[in-house]
Amino acid sequence: MNRPKQLHLDVKLDEAVSLENFIVCPSTEIILEASRDFISESKMTRTFFLWGKEGTGKNYLLHSVNKKFLENNLHSAFISFTNTSFVDSSVFEGLEKMDVVFIEAIDQFPLDNKWEVALFNLINACFIKDSKLFFSSTVPAKDLEVRLPDLKSRLLAFPAFELPELTDEEKIRALKESAKRKGLVFDEKVQSYILNHTSRSLSDLLKLLVDLDTFSLERKRKISISLIKDLLSN
């Protein structure tokens, strides 16, 4: 029986997401290199623990890596604990049969012994089956509120990578690069206004560019400070 190529549990796959479009800068180079190594057929990197503050791009990177596995005709399972409530820990059953298992927002994992045992068993089963594991969190593994010592030990053994908040200089570079990809043109005054009057998180900044692109086309106006003000007021 053929296994499904993709098992998403309460998660939608965004076709626009791409690892090639992830912002490359000094803060992200090591993580991108490690992500590509994880995607490769190398058995040296079979686990990955990605952590960082909200808005740094963790979710985008997680989905981008998953998309690469699917493009390589591999089978993935993707579970997100972001604003999601699963009925019980049986959601983990049989996932070791997949080539890779992604767990988003492990820091929001249920604080329950049955869940912790189930996750511990899944990790062990994946080790036996040579399935890969990729977890994301807003805190490092040592700060997770995990009570089962064996599970905590397993998570601490994962190679861990922090996705830091970009510097202002890197955010400017990210804005320019993302705008260029979308064919958007605006001057430095507009760029400065965006950085000084909107959210500082990378994910919010990049979403703003998407909204600006759409808003500009709808209003048939070039991107300007006035247009940004109109968008934000709406």
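In this predicted model, residues 24 or more positions apart account for 73% of the contacts with a separation of 6 or more. The protein has eight helices and six strands, which follow one another from the N terminus in the order β-α-β-α-β-β-α-β-α-β-α-α-α-α. Along the principal axes, the C-alpha atoms fill a box of roughly 55 × 40 × 35 Å. Of the 234 residues, 50% count as buried.

In soluble globular proteins, nonpolar side chains tend to be buried together. Here the largest nonpolar core comprises 30 residues, of which Phe92, Leu119 and Phe135 touch the most other members. At least two residues of this core come from each of β2 (47-51), β3, β4 (100-104), α3 (113-129), β5 (132-137) and α4 (149-156). Helix α3 gives the most, with seven residues. A second, separate core has 19 residues, including Leu19, Leu62, Phe69 and Phe134.

The contacts of phenylalanine 92, leaving aside residues up to four places away in sequence, are Ile79, Phe81, Ile103, Phe109, Trp115, Ala118, Leu119 and Leu122.

| Residue | Relative accessible area | Class |
|---|---|---|
| Threonine 28 | 4% | buried |
| Serine 76 | 0% | buried |
| Glutamate 20 | 47% | partly exposed |

Threonine 28 is located in the loop between β1 (6-9) and α1 (29-39). Apart from residues up to four places away in sequence, threonine 28 touches Phe22, Ile23, Leu163 and Leu166. Because its relative accessible area of 4% is under the 20% cut-off, threonine 28 is classed as buried.

Glutamate 20 also belongs to the loop between β1 and α1. With a value of 47%, glutamate 20 lies between the limits of 20% and 50% and is therefore partly exposed. Glutamate 20 touches Lys68 and Arg181, again not counting residues up to four places away in sequence. Glutamate 20 and leucine 32 stand 12 residues apart in sequence, and their C-alpha atoms are 9.7 Å apart in space.

Serine 76 is part of strand β3 (residues 76-80). The side chain of serine 76 forms a polar contact of 2.7 Å with the side chain of asparagine 66. At 0% relative accessibility, serine 76 is under 20% and so counts as buried.

**Helix α6**

Which residues of helix α6 are buried? In this helix, which spans residues 188-197, they are Val190, Gln191, Tyr193, Ile194 and Leu195. An α-helix has 3.6 residues a turn, so residues three or four places apart point the same way. The N-terminal end of α6 is capped by aspartate 187, which has a side-chain oxygen 3.1 Å from the backbone nitrogen of lysine 189.

**The second largest pocket**

Rolling a probe the size of a water molecule over the atoms shows where empty space is left. The second largest pocket holds about 260 Å³ of space. Its lining consists of 16 residues, and those closest to the centre of the pocket are Arg46, Leu74, Asp99, Asp130 and Lys132. By class, the lining contains four nonpolar, two polar and 10 charged residues.

Notes:
Residues are numbered from 1 along each chain as its sequence is written. This is a predicted model: local features need pLDDT of at least 70, side-chain atom pairs count only at pLDDT 80 or more; totals for chains, interfaces and linings use all residues. Side-chain values use heavy atoms; hydrogens and water are left out. Buried means under 20% relative accessible area, exposed over 50%, partly exposed in between (1.4 Å probe, protein chains only). Helices (H or I, at least four residues) and strands (E, at least two) are DSSP runs, numbered from the N terminus. A polar contact is a pair of N or O atoms within 3.5 Å; within protein, one must be able to donate a hydrogen and the other to accept it, and residues adjacent in sequence count only if both atoms are side-chain atoms. Contact means heavy atoms within 4.5 Å. On a 1 Å grid over the protein atoms alone, a cavity is a set of points where a 1.4 Å probe fits but cannot get out, and a pocket is an open set with protein on both sides within 12 Å along at least five of seven lines; lining residues have an atom within 4 Å of a point. Grid points are joined across faces, edges and corners, and a volume is the space filled by probe spheres set on the points. Ala, Val, Leu, Ile, Met, Phe, Trp, Tyr, Cys and Pro count as nonpolar, Asp, Glu, Lys and Arg as charged, and the others, Gly among them, as polar. A nonpolar core is a set of buried Ala, Val, Leu, Ile, Met, Phe, Trp, Tyr and Cys residues joined through side-chain atoms within 4.5 Å.
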